[in-house]
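Please keep the sequence and structure in view.

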Amino acid sequence: MGRAALEKLDGGNYDLVPMDCQMPVLDGYPATRRWREIEQERKPTQRLPIVAMTANAMAGDRQKCWMRGWTTTWPNR
């Protein structure tokens, strides 16, 4: 699913991307990190907002998402 998301992102024009943290094959953490690397190579005028979709409620989960390039989390705890 994360690979499919990267393919869609690469071929599309999006204003916002909701990204699940846990997906089969390639989950949201490395998929988001890879997209941020692609953005750095392309040098866009602004970063694509990526919202981490997670049910995790641990205190460090939000920080983990930010460190991997997500814009924010949902739900925003």
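Contact here means heavy atoms within 4.5 Å. This is a predicted model: local features need pLDDT of at least 70, side-chain atom pairs count only at pLDDT 80 or more, and totals for chains, interfaces and linings use all residues. Residues are numbered from 1 along each chain as its sequence is written, and side-chain values use heavy atoms, with hydrogens and water left out.

Q: Which residues does Arg36 touch, not counting residues up to four places away in sequence?
A: Arg36 sits in helix H2, residues 28-42. Helices (H or I, at least four residues) and strands (E, at least two) are DSSP runs, numbered from the N terminus. Beyond four places in sequence, Arg36 touches Arg47, Leu48, Ile50, Arg68, Gly69, Trp70 and Thr71.

Q: Is Arg36 buried or exposed?
A: Buried means under 20% relative accessible area, exposed over 50%, and partly exposed in between (1.4 Å probe, protein chains only). The relative accessibility of Arg36 is 9%, so Arg36 counts as buried.

Q: How many Å separate the backbone oxygen of Gly69 from a polar atom of the side chain of Arg36?
A: Gly69 is one of the residues that Arg36 touches. From the backbone oxygen of Gly69 to a polar atom of the Arg36 side chain, the distance is 2.8 Å.

Q: With which residue does Arg36 form a salt bridge?
A: A salt bridge is a side-chain nitrogen of Lys or Arg within 4 Å of a carboxyl oxygen of Asp or Glu. With closest N and O atoms 2.8 Å apart, the partner is Glu39.

Q: Which residues do salt bridges that share partners join into one network?
A: The side chains of Glu41 and Arg34 meet in a salt bridge, 3.8 Å from N to O. Glu41 is exposed because its relative accessible area is 58%, whereas Arg34 is partly exposed at 33%. Four salt bridges are counted by this rule. The network joins Arg34, Glu37 and Glu41.

Q: Which residue meets Arg42 in a salt bridge?
A: The N to O distance is 2.2 Å. This pair links distant parts of the chain, 32 residues apart: Arg42 is in helix H2 and its partner in helix H1, residues 2-11.

Q: Which residues is Thr32 in contact with, leaving aside its neighbours within four places in sequence?
A: Thr32 lies in helix H2. At 0% relative accessible area, Thr32 is buried. Its contacts are Met19, Ile50, Arg68, Gly69 and Trp70.

Q: What phi does Val25 have?
A: Most residues other than glycine have a negative phi. Val25 lies in the loop between strand E1 (17-20) and H2. Val25 is exposed, with a relative accessible area of 68%. Although not a glycine, Val25 has a positive phi of about 70°.

Q: What phi does Lys43 have?
A: Lys43 is in the loop between H2 and strand E2 (50-53). Its relative accessible area is 67%, so Lys43 is exposed. Lys43 is not a glycine, yet its phi is positive, at about 55°.

Notes
A polar contact is a pair of N or O atoms within 3.5 Å; within protein, one must be able to donate a hydrogen and the other to accept it, and residues adjacent in sequence count only if both atoms are side-chain atoms.
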